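Subject: Structure for your review

Dear colleague,

Please find below the structure that I am handing over to you. My findings follow it, and I would ask you to read them with the model open beside the text.

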Amino acid sequence: MILIACLFTAFFITLLRVYKLVFTNKYFNENIAKPSNASPMALYFIMREINTYQFIKKFKLRFFFSVLCIGFVLLFNISANVSIWPNIKGLTIEDKQNSIAFRNLRGSDCIKEFNALKPVLEAAGKNDYNAEDITSILGKPDAIFNNGNTLQYNLFPSNNGCVGKVEFNNGKVVSFSVTNCN
């Protein structure tokens with residue numbers, strides 16, 4: 001997955017650099033020339049960009065290429081703003097940030113982060129959150145009891161008994177608690 005992301009990023013950077021060549025030539029009528037003091041590796045990539053630009057210019061694809069670049073930028077902007085909790089209603093941005101903080105600190109001291117999510121758990125009954133929604137908010141539980149009706153989260157790295165519990169009845173949240181924490 002990381003390799004695909006790196007390749008896509010390299011492709012997008014090349015796309016933007018070629019777009020800069022298209023934009024420079026179209027609006028400022030500057031000629032494209034290869035630099036004389038570039039390393040062989042840099043010169044290879046620069047020549048690839050210039051060849052791509054000449055291909056675009058030859059087939060009169062500048063407008064299409066501009067629309068494609070702008071479309072990519074808009075796509076990244078839209079996808080960056082899409083929530084990872086699309087089906088969970090009633091979550092504020094602060095709740096989402098607290099959820100991310102809790103999930104990132106799992107395995108260490110995360111009592112404060114669990115307590116910051118108490119308003120979400122209190123509103124869970126009103127918003128009809130089920131076990132899947134709570135798992136999306138808090139992450140995978142450390143233990144599941146009572147046929148899936150109780151989710152337990154360890155709030156300290158050592159197993160000293162300090163846990164946060166979320167209990168369900170008929171698939172809906174009925175209570176939550178923090179126990180054995182001094």
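**Overall arrangement**

From the N terminus on, the elements of the protein chain follow the order α-α-α-α-α-α-α-β-β-β-β. In total there are 7 helices and 4 strands. Please bear in mind that this is a predicted model. Of the 182 residues in the protein chain, 29% are buried. Among contacts with a separation of 6 or more, 49% join residues 24 or more positions apart.

**Helix 2**

Helix 2 covers residues 40–58, and its 19 residues should span 27 Å at 1.5 Å a residue; the end C-alpha atoms are 26 Å apart, which agrees. Its buried residues are Ile-46, Glu-49, Ile-50, Tyr-53 and Ile-56. Where do they lie around the axis? They cover an arc of only 115°, which puts them on the same side of helix 2. The face turned away from the buried side of helix 2 carries the exposed residues Pro-40, Met-41 and Lys-58. Just after helix 2, Lys-60 adopts a positive phi of about 55°.

**Helix 4**

Helix 4 comprises the 12 residues 93–104 and reaches 16 Å from its first C-alpha to its last, close to the 16 Å expected at 1.5 Å a residue. Asp-95, Asn-98, Ser-99 and Phe-102 are buried in this helix. Seen down the axis of helix 4, these buried residues fall within an arc of 105°, so they line one face of the helix. Ile-93 and Asn-104, on the other side of helix 4, are exposed. What covers the buried residues of helix 4? The cover includes helix 5 (111–116), helix 6 (118–123), helix 7 (131–138) and strand 2 (150–154).

The 4 strands form an open sheet in the order 1-2-3-4, with antiparallel pairing. Strand 1 (143–145) and strand 4 stand at the edges, each with a single partner strand, so one side of each is left without a neighbour in the sheet. From one strand to the next, the twist averages 20°.

Strand 1 and strand 2 pair in the antiparallel sense over 3 bridges, and the bridge partner of Phe-145 is Thr-150 in strand 2. Helix 7 packs on the sheet, where it touches strand 2, strand 3 and strand 4; the direction of helix 7 makes about 10° with that of strand 2.

Strand 3 (residues 163–169) and strand 4 (residues 172–179) pair in the antiparallel sense over 7 bridges. Gly-164 stands opposite Val-178 in strand 4. The hairpin of strand 3 and strand 4 has 2 residues between the strands, and Asn-170 takes a positive phi near 55° there.

**Two residues in the sheet**

Is Gln-152 buried or exposed? Gln-152, which is found in strand 2, has a relative accessible area of 15% and is therefore buried, the cut-off being under 20%. Leaving aside neighbours within four places in sequence, Gln-152 is in contact with residues including Pro-141, Phe-145, Val-163 and Gly-164.

Val-178 is found in strand 4 and counts as partly exposed, at 28% relative accessibility. Val-178 and Asn-115 are 63 residues apart in sequence and 8.4 Å apart in space, C-alpha to C-alpha. Beyond its neighbours within four places in sequence, Val-178 is in contact with Phe-114, Asn-115, Lys-118, Leu-155, Val-163 and Gly-164.

**The nonpolar cores**

In soluble globular proteins, nonpolar side chains tend to be buried together. Which residues of the largest nonpolar core touch the most other members? Of its 21 residues, these are Phe-102, Tyr-129, Ile-134, Ile-137 and Leu-138. Helix 5, helix 6, helix 7, strand 2 and strand 3 each supply at least two residues of this core. Helix 7 gives the largest share, 3 residues. Apart from this core lies another, of 11 residues, among them Phe-12, Leu-21, Ile-56 and Phe-72.

Phe-102 deserves a separate look. Not counting residues up to four places away in sequence, Phe-102 touches Cys-110, Glu-113, Phe-114, Leu-117, Leu-138, Tyr-153 and Leu-155.

With kind regards

Notes:
Residues are numbered from 1 along each chain as its sequence is written. This is a predicted model: local features need pLDDT of at least 70, side-chain atom pairs count only at pLDDT 80 or more; totals for chains, interfaces and linings use all residues. Side-chain values use heavy atoms; hydrogens and water are left out. The expected span of a helix is 1.5 Å times one less than its number of residues. Buried means under 20% relative accessible area, exposed over 50%, partly exposed in between (1.4 Å probe, protein chains only). The arc is that of the directions from the helix axis to the C-beta atoms. Contact means heavy atoms within 4.5 Å. Two strands pair if DSSP finds at least two bridges between them. Axes are lines fitted to C-alpha atoms, for helices over the stretch in contact, and angles run from 0 to 180 degrees between N-to-C directions. A nonpolar core is a set of buried Ala, Val, Leu, Ile, Met, Phe, Trp, Tyr and Cys residues joined through side-chain atoms within 4.5 Å.
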